[in-house]
Amino acid sequence: MDFRAFVDSLDITLPNALFALALGVAAFAAIHGVLMLFRRRLDQLSDEWAHRPVAEVLRKTLARTSNLVVFATAVLIGLSALDLPPPWNARIGHLWFLTLGLQLAIYLHSAIKVTARRYFRSHNPAGVDSQVTIAHTLIIWVLQTTVWVIFALALLSNLGINVTTFVASLGIGGIAIALAVQNVLGDLFASLSIAIDKPFEVGDFVSTNNISGTVEKVGLKTTRIRALGGEQIVISNADLLKSTVSNFKRMETRRIVFNLRAHPDTPPALAAQVPPALKEIIGKRDKARFDRAHLSKFDQNFIEYEIVYTMLDASYDLFMDTQQAILLDAMRMLHELGISSAPRAQQLLLQEPAENAAPELPIEGRVRSPAALRSLPKGV
């Protein structure tokens, strides 16, 4: 009896009701048909087009279309054709917002997941590690939660509920929580930054703040590095990003500078033959590019050559093998040219004090230069 009175109060005629029903059925068939056709066309794309970002996101997002939302949309289209009293016009408007907003939130929920997975997959071709999995999960959770919170607040506001106080409370509570766990949040966001920007990855050899080793794991709060001595070093993610990190695994070339010393009495003609000989020695090595070799220093003790070359391969083992071979060839070259690599000999003069001489502090020996030795009287 009450339901009949409710229907009578709506003042709906039979032709109007039949038209609304037909319009709703037609709207459901049209919306469902268009979605199926569009999804089928996306599935028929070639492999090249199907793996493009827009096509992949559209295909996987449209697959999340809710049949319940489609049905509710068709019903609302049919109800819009009815001549309803004023209170019901506003209520249908709220239902429109709920239906379309819910479907939009579902689309954004799916699009965030698909886009994040595609991003991490494209930036981690070697495979998914624990660091990427953690960052991927956290980013998706934060973005999806944001979407649903915004939808819930917008829905409450649409229903006439004042959400200003609620939003202010959330803001104050969020600030209090952030201040309480700011160190943890700093390390957490640093972990996300490492996962997204990738200054280094698991397996890279890095050096920072007198710490050198291989990265074993990047967690939510700390990064674990296996040092050369075998011990594991645990460092905070935030502290790690604040310092300068040298990533040796990404080194493409290696510049080497070393010196060779020879006796200062080497004749200038022989000394001039050393740089070309060094150029020939370095030039015949694979993966080594000669840059320069010069006589850079000359004093009373030795002459010094500065040699620079570049390894075109960053392998440290190859560098050490090449450096060893170059040094051995340089030793042979100096021996063949008759150039000594020994410094100038130092002369040591031992002198006993005279019997009547004034007492002196005892000394075991005294080093004098050649000029000083020539100035001494004979017999001294």
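## Overall architecture

The chain has 14 helices and ten strands, and the coordinates discussed here come from a predicted model. Of the 380 residues in the chain, 29% are buried, while the accessible surface amounts to about 24,800 Å², with carbon and sulfur atoms accounting for 62% of that area. When contacts between residues at least 6 apart in sequence are considered, 64% of them join residues at least 24 apart.

## Confidence of the prediction

The average pLDDT of the chain is 78, and 78% of the residues reach a score of at least 70. Residues 363-369 have a pLDDT below 50, although in the model this stretch makes 15 contacts beyond near neighbours in sequence. Residues 371-380 likewise have a pLDDT below 50, and this stretch has six contacts beyond near neighbours in sequence. Where pLDDT is low, the predicted coordinates should not be read in detail.

Helix H12, which spans residues 274-283, has as its buried residues Val274, Pro275, Ala277, Leu278, Ile281 and Ile282. These residues lie on the same side of H12, because the arc they cover around the axis is only 160 degrees. An α-helix has 3.6 residues a turn, so residues three or four places apart point the same way.

Against what do the buried residues of H12 pack? Their partners are strands E6, E7 (288-298) and E8 (303-311), together with helices H11 and H13 (316-337).

Five aromatic pairs are found when the whole structure is searched.

Another ring is involved in an arrangement with a charged side chain: arginine 261 lies over the face of phenylalanine 302, at 3.9 Å from the ring centre. Histidine 263 is located in the loop that runs between strand E6 (254-262) and helix H11 (268-271). Is histidine 263 buried or exposed? Its relative accessibility is 18%, so histidine 263 counts as buried, the cut-off for buried being under 20%. Apart from neighbours within four places in sequence, histidine 263 has contacts with Ile303, Ser340, Ser341, Ala342, Pro343 and Arg344.

Phenylalanine 200 sits in the loop between helix H9 (182-197) and strand E1 (205-208), and with a relative accessible area of 2% it is buried. Once neighbours within four places in sequence are set aside, the contacts of phenylalanine 200 are Ile194, Val206, Val215, Val218, Thr223, Leu240, Val245, Asn247 and Arg250. With one of these, asparagine 247, the C-alpha to C-alpha distance is 6.7 Å, although phenylalanine 200 and asparagine 247 are 47 residues apart in sequence.

The loop between E1 and strand E2 (211-218) contains asparagine 209, and asparagine 210 is placed in the loop between E1 and E2 as well. Asparagine 209 has a phi near 50 degrees, which is a positive value in a residue other than glycine. Asparagine 210, which is not a glycine either, has a positive phi of about 60 degrees. Asparagine 210 is exposed, having a relative accessible area of 84%.

For tyrosine 119 the residue is isoleucine 196, which is 77 residues apart in sequence and 9.1 Å apart in space.

Key:
Residues numbered from 1 in each chain as written. Predicted model: local features only at pLDDT ≥ 70, side-chain atom pairs only at ≥ 80, totals over all residues. Heavy atoms only, no water. Helix = DSSP H or I, 4+ residues; strand = E, 2+ residues; numbered from the N terminus. Buried < 20%, exposed > 50% of the residue type's maximum accessible area, 1.4 Å probe, protein only. Contact = heavy atoms within 4.5 Å. pLDDT = per-residue confidence, 0-100. Arc of directions from axis to C-beta. Phe/Tyr/Trp six-rings, centres within 6.5 Å; stacked < 30°, edge-to-face > 60°. Lys NZ or Arg CZ within 6 Å of the ring centre and 35° of its normal. Areas by Shrake-Rupley, 256 points an atom, 1.4 Å probe, with all protein chains shown as cover.
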